[in-house]
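Good morning, colleagues. Please look at the structure on the screen while I go through some of its charged contacts.

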Amino acid sequence: VTAGERAPLRIALVHHSSGPVAAELLQALRTAGHRAEVLGARGVPPVEKVLRYRGFATPLTHVPSVVAALRRGRYDVAHALSPQDALAALLWRRRGGGAVVFSPAEPPSRETLADRRLSLRLVQRALDESDAVVALTDTTRAATARWLALEVPLIEAHDAAGWESLYRELLARRR
Amino acid sequence: MEASRPEVSVVVPSHERGTRLRWLLNALEEQTLPRSQWELVVVFDSTDDTEELVRTHALAPRYVRLTPGTGTASVQRNAGWRAAHAPLIAFTDDDCRPEPDWLERLLDAAHANPGAIVQGATRPDPFESDAMKWAPRARSIEENDPPGPHAQTCNILYPRALIESLGGFDERAVAGEDVDLSLRARSAGRSIVAAPEAVAYHAVESHTLPGIVRQNLKWRYLAYLVSRHPEFRRTMPLRLFWDEEHLWTATAMVGVLGAVRSSRRRGRSRQGRVTAIAEMPGQAVRQAAEVLGMAAGSVRHRTLVL
């Protein structure tokens, strides 16, 4: 193990809402000594309401500002917790960013996977293009297998060692 | 001992829609008809992970894999029913989600009407109603009141012997192959009975403008269908338009052309053209008022003048 591998990681938890999953993950990573922050939407701009009214899978307007924040923050990993957040993370990676992990905060369900415009396309893009897709709960893992035919590993939010191991593996793969 | 033959085979063609096919298989997994009474045959020509998905699903469907890009819907459905073992063939599509009692209801109707084709009701998927409501180019299928003239294969059951006697789907038909089969069946004296309680929900696809233009180009093949079945014109508005929307679109186009013609009086100068364009909506309203006025007069004086 080199000194670089032991150095704390800079992790952006990308999530448009401040749910308990992001808070638990943030707490665990910080306790383990990593520089972790939550990047998400600030307020609901009027355009967002228009997009919502027009049937789009919202929020979407936070994507450009999150990409900019990811670029400014020089993060190693962007860990997205929704398909829209994964879109921001993937755009950041395309512009020279680091690894992208996608862990849906809510279990995917038939009722919500294609309920709005772009919903399914965003989910498929997050699954296809992220460096790793990981479930945070057993329910999410089972739902991902049932509805998206994808067997994904499970790492619970409080398992900082598990996350660190995954992040470092992804970063090593990118070198 | 020989394994008992299923009563009905469900045939599903699939093309590059692995995720939606998965959702269909999940819906079929919840069918109330005992699994021993039906079998599932999936036919695909996809390049995505469809084979893995079908092979590993709990339903363990039988499948036919065609060379990628070679399977039009009619080719796939023919391969499907030919591979099936049951005397009744229920067709649905990879972008549908049948209700749990769908197959049971279709089978009840088939037993009550031996030899008949049975068509269920198809509705836009309520899970995707927001997209249907708001997406400007959303598309789905709605057939609330079967039997309809299009006899869509997203929710229909045929006796296998009937399909065999008709030679299956016409593989020259790139679109409308389901209508063609039903028209040939009707010509052979078979009836289509309704099973409105056998409900399948159809996906709502929302497209980009170039995407839907590309997709709509396939409807040019419907002319082949009408050329083979001139009697189908009886179901068409004015025996000319595929549906009412086409009739109104054509009418609107004629209206726009009329407005363009009448705007020529402003001359060919740049200012004249700008003025003409600005006046066009007003011209359209004026012309519409004239036509409506004359239509009202026609009713009053019992002679048609437009």
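I shall speak about salt bridges, and then about a surface patch.

This is a predicted model, in which local features need pLDDT of at least 70 and side-chain atom pairs count only at pLDDT 80 or more, while totals for chains, interfaces and linings use all residues. Residues are numbered from 1 along each chain as its sequence is written, chains are lettered from A and ligands numbered from 1 in the order in which they are written, and side-chain values use heavy atoms, with hydrogens and water left out.

A salt bridge here is a side-chain nitrogen of Lys or Arg within 4 Å of a carboxyl oxygen of Asp or Glu. Over all chains, the count comes to 30 salt bridges.

In chain A, A:Asp138 and A:Arg141 form one of them, at 2.9 Å from N to O. They lie 3 residues apart in helix H8 (residues 138-148), so about one helical turn separates them.

In chain B, B:Glu205 pairs with B:Arg17 at 3.8 Å, N to O. This pair links distant parts of the chain, 188 residues apart: B:Glu205 is in strand E10 (residues 205-206), and B:Arg17 is in the loop between strand E1 (8-14) and helix H1 (18-29). Salt bridges that share partners join both into one network, whose members include A:Arg110 and B:Asp94.

Finally, A:Asp128, in helix H7 (residues 119-129) of chain A, has 65% relative accessibility and therefore counts as exposed; the term means over 50% relative accessible area, with a 1.4 Å probe and protein chains only. A:Asp128 gathers with B:Glu16, B:Asp48 and B:Asp49 in a surface patch of negative charge. Such patches take residues with over 30% relative accessible area and no salt bridge, like charges being joined within 9 Å.

Terms used. Patch = residues over 30% accessible without salt bridge, like charges linked within 9 Å, V, L, I, M, F, W, Y side chains within 5 Å. Areas by Shrake-Rupley, 256 points an atom, 1.4 Å probe, with all protein chains shown as cover. Lys, Arg positive; Asp, Glu negative; His and termini not counted. Charge placed at Lys NZ, Arg CZ, Asp CG, Glu CD. Helix = DSSP H or I, 4+ residues; strand = E, 2+ residues; numbered from the N terminus. Buried < 20%, exposed > 50% of the residue type's maximum accessible area, 1.4 Å probe, protein only.
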